[in-house]
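Trainee: Hello! I have just opened this model, and I would like a guided tour, please.

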Amino acid sequence: MLKDITLGQYFPGKTAIHRMDPRIKISLVFLYIIILFIADGLYAYLLLFVWLCAAIAVSRIKPAIILRGIKPIIFVIALTGVLNMFYTPGTPVFELFGGRISVTYEGLETAVYMIVRIVMLITGTFLLTYTTSPLMLTDGIELLLGPLKKLRVPVHELAMMMTIALRFIPTLIEETDKIMSAQKARGADFETGSLFSRAKALIPLLVPLFISAFRRADELAVAMECRCYRGGEGRTRLRSLKYSMVDLYSSLISAAVFGGVIVFRIFGIV
């Protein structure tokens, strides 16, 4: 299960999505998330779905990788759908326990849209990290948040911390998997018993995992100090970010799709 978590991984490539400016990609993903919550109705979601599938096809990221990343949170997605199904008022479809619990038509519709929305949201954010290197993410976030420097906000440090945290997710997952394998070899059982007992069995993992995380953080800090890292003040970049025609075309296509969703919402086209 731990190996299925692909958040934070970067898959190098030379596709148009990979070559896009990270500022454009971050901005488009941010707008995509907003539009996804604005969307209402089948046509709006279908339009966003086509846009997302086109982006995945262009990036050449295998759908199996995305499905593998979604797999660990299937329970959360299903629970969200079930809660919307039972707690949305409306016209009852069928009732349970003598009418005390009922599933409504509006609840079924809301549950389906909510599940689709969560899956599409996760897929869009995964696509950003899959096609953008941590270094490019740092530069993109820092430049986008640049105006906050006038308010004395440590933009560079914030961008660096966010990117390092994202980058070390796969590393910590791999470390956790190694510790679990070592403890299984010594007789530990993480797969049988009740949910409480399995959760209790995971407690011995915390100490070695925290020690490993602190050790890696210390090694990273020493490495950055050895390279004379003193924050973002006065630093230059090896590669300057420049907008290209790929960014222009991607922005225009995305603007047309997002505008279509807003038009559908305004005119009530479902």
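Mentor: Gladly, and one term comes first: a salt bridge is a side-chain nitrogen of Lys or Arg within 4 Å of a carboxyl oxygen of Asp or Glu. This is a predicted model, where local features need pLDDT of at least 70 and side-chain atom pairs count only at pLDDT 80 or more, while totals for chains, interfaces and linings use all residues. Residues are numbered from 1 along each chain as its sequence is written, and side-chain values use heavy atoms, with hydrogens and water left out.

Trainee: Which residue meets the side chain of D21 in a salt bridge, and are the two buried or exposed?

Mentor: The N to O distance in this salt bridge is 2.8 Å, and the partner of D21 is R23. As for the cover, "buried" means under 20% relative accessible area, "exposed" over 50%, and "partly exposed" in between (1.4 Å probe, protein chains only). By that scale, D21 and R23 are both buried.

Trainee: D21 comes up again at the start of helix 2. Which residue's backbone nitrogen does its side-chain oxygen reach there?

Mentor: Helices here are DSSP runs (H or I, at least four residues), numbered from the N terminus. At the start of helix 2, the side-chain oxygen of D21 comes within 2.8 Å of a backbone nitrogen, that of R23.

Trainee: How far does helix 2 reach from its first C-alpha to its last?

Mentor: Helix 2 covers residues 22-38, which is 17 residues. The expected span of a helix is 1.5 Å times one less than its number of residues. Helix 2 is close to the expected 24 Å, with a reach of 24 Å.

Trainee: Which helices are included in what covers the buried residues of helix 2?

Mentor: The buried residues of helix 2 include I24, L28, Y32 and L36. Their cover includes helix 1 (16-19), helix 3, helix 6 (105-131), helix 7 and helix 11.

Trainee: Let's move to helix 3, where W51 lies. Which residues are in contact with W51, leaving aside neighbours within four places in sequence?

Mentor: W51 counts as buried because its relative accessible area is 16%. Contact means heavy atoms within 4.5 Å. By that cut-off, W51 is in contact with Y32, I253, S254, V257 and F258.

Trainee: Why does F267 count as exposed?

Mentor: F267 lies in the segment after helix 11. It counts as exposed because its relative accessible area is 62%.

Trainee: Which residue does E142 join through a polar contact?

Mentor: E142 sits in helix 7 (residues 134-144), and it counts as buried because its relative accessible area is 7%. K149 forms a salt bridge with E142, at 3.7 Å between the closest N and O atoms. A polar contact is a pair of N or O atoms within 3.5 Å; within protein, one must be able to donate a hydrogen and the other to accept it, and residues adjacent in sequence count only if both atoms are side-chain atoms. Such a contact, of 3.0 Å, joins the side chain of E142 to that of H156.

Trainee: One last stop: what is the phi of R152?

Mentor: R152 is found in the loop between helix 7 and helix 8, and it counts as exposed because its relative accessibility is 77%. It is not a glycine, yet its phi is positive, at about 65°.

Technical notes. Helices (H or I, at least four residues) and strands (E, at least two) are DSSP runs, numbered from the N terminus.
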